Amino acid sequence: MKTEICSCKGLNTNCKKCFGSGYIQSNTPQKKVGKQSDKKQNKKNQIEIISVLNENYPTKLLAIKDPILYLYYKGNINLIYNTSIAVIGSREINLHEELITKEISEKISNKGITIVSGLANGTDTQAHLASFKQKGKTIAVLASGLNIITPSNNRQLAKNILISGGLLV
């Protein structure tokens, strides 16, 4: 297997080491992406992949210093173009914090703004639930990948996000 280290600073779409051979930019030896078995598994699980070189790659992500080269997602990718607000906070919240999170998230959703949060317990969960209550849209950014929903008690929440037209990334 070819293991070259890219010397590019930032994203260079003309770099043959990064993009010409299917290798990804890294400061460590690089791995080939898109193995056949991974592709089959992703298709089975309805997981889509979009490359930074794709014309439909989210422009918001291109604006960050080191854009994600391959975005794995499940659900409505068009939500990423919506006006959105990230709702973040603690995994362990008290009743007052839960009520405040719900109130703020409901107001955001009522304005047609997409809620973006993790899928952790606490603030993240309450933000997504409040969005559902208002028939709003929500994006969950997962820490563990799309095949392993953690925490396990939020597996149904992840399913509900997809059922309601949301997005998991």
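1. The model is a predicted one, in which local features need pLDDT of at least 70 and side-chain atom pairs count only at pLDDT 80 or more, while totals for chains, interfaces and linings use all residues. Residues are numbered from 1 along each chain as its sequence is written, and side-chain values use heavy atoms, with hydrogens and water left out.

2. Ser84 belongs to strand 3 (residues 84-86), where helices (H or I, at least four residues) and strands (E, at least two) are DSSP runs numbered from the N terminus. Leaving aside neighbours within four places in sequence, Ser84 is in contact with Lys60, Ile113, Thr114 and Val116, contact meaning heavy atoms within 4.5 Å. Ser84 and Ser109 lie 25 residues apart in sequence, with a C-alpha to C-alpha separation of 9.4 Å.

3. Ile113, one of the contacts of Ser84, sits in the loop between helix 4 and strand 4. Not counting residues up to four places away in sequence, Ile113 touches Thr83, Ser84, Ile85, Ile108 and Lys137; the C-alpha atoms of Ile113 and Lys137 are 7.6 Å apart, although 24 residues separate them along the chain.

4. Helix 4 (residues 95-110) packs against helix 5 (residues 123-133) at an angle of about 40°, with the axes 8 Å apart; axes are lines fitted to C-alpha atoms, for helices over the stretch in contact, and angles run from 0 to 180 degrees between N-to-C directions. The two helices, helix 4 and helix 5, are therefore oblique to each other, given that angles under 35 degrees count as roughly parallel, over 145 as roughly antiparallel, 65 to 115 as roughly perpendicular and the rest as oblique. The contact is formed by Glu98, Thr101, Lys102, Ser105, Glu106 and Ser109 of helix 4, together with Thr123, Gln126, Ala127, Ala130, Ser131 and Lys133 of helix 5. By class, this contact has 2 nonpolar, 6 polar and 4 charged residues, where Ala, Val, Leu, Ile, Met, Phe, Trp, Tyr, Cys and Pro count as nonpolar, Asp, Glu, Lys and Arg as charged, and the others, Gly among them, as polar.

5. Helix 5 also packs with helix 6, at an angle of about 35° and with the axes 11 Å apart. Thr125, His128, Leu129 and Phe132 of helix 5 meet Leu157, Asn160 and Ile161 of helix 6, and this contact has 4 nonpolar, 3 polar and no charged residues.

6. Just after helix 5, Lys135 adopts a positive phi of about 60°.

7. The largest nonpolar core has 14 residues, and Leu71 and Leu167 are those with the most contacts inside it; such a core is a set of buried Ala, Val, Leu, Ile, Met, Phe, Trp, Tyr and Cys residues joined through side-chain atoms within 4.5 Å. A second, separate core of 11 residues includes Ala140, Leu142, Leu146 and Ile161.

Conventions
Buried means under 20% relative accessible area, exposed over 50%, partly exposed in between (1.4 Å probe, protein chains only).
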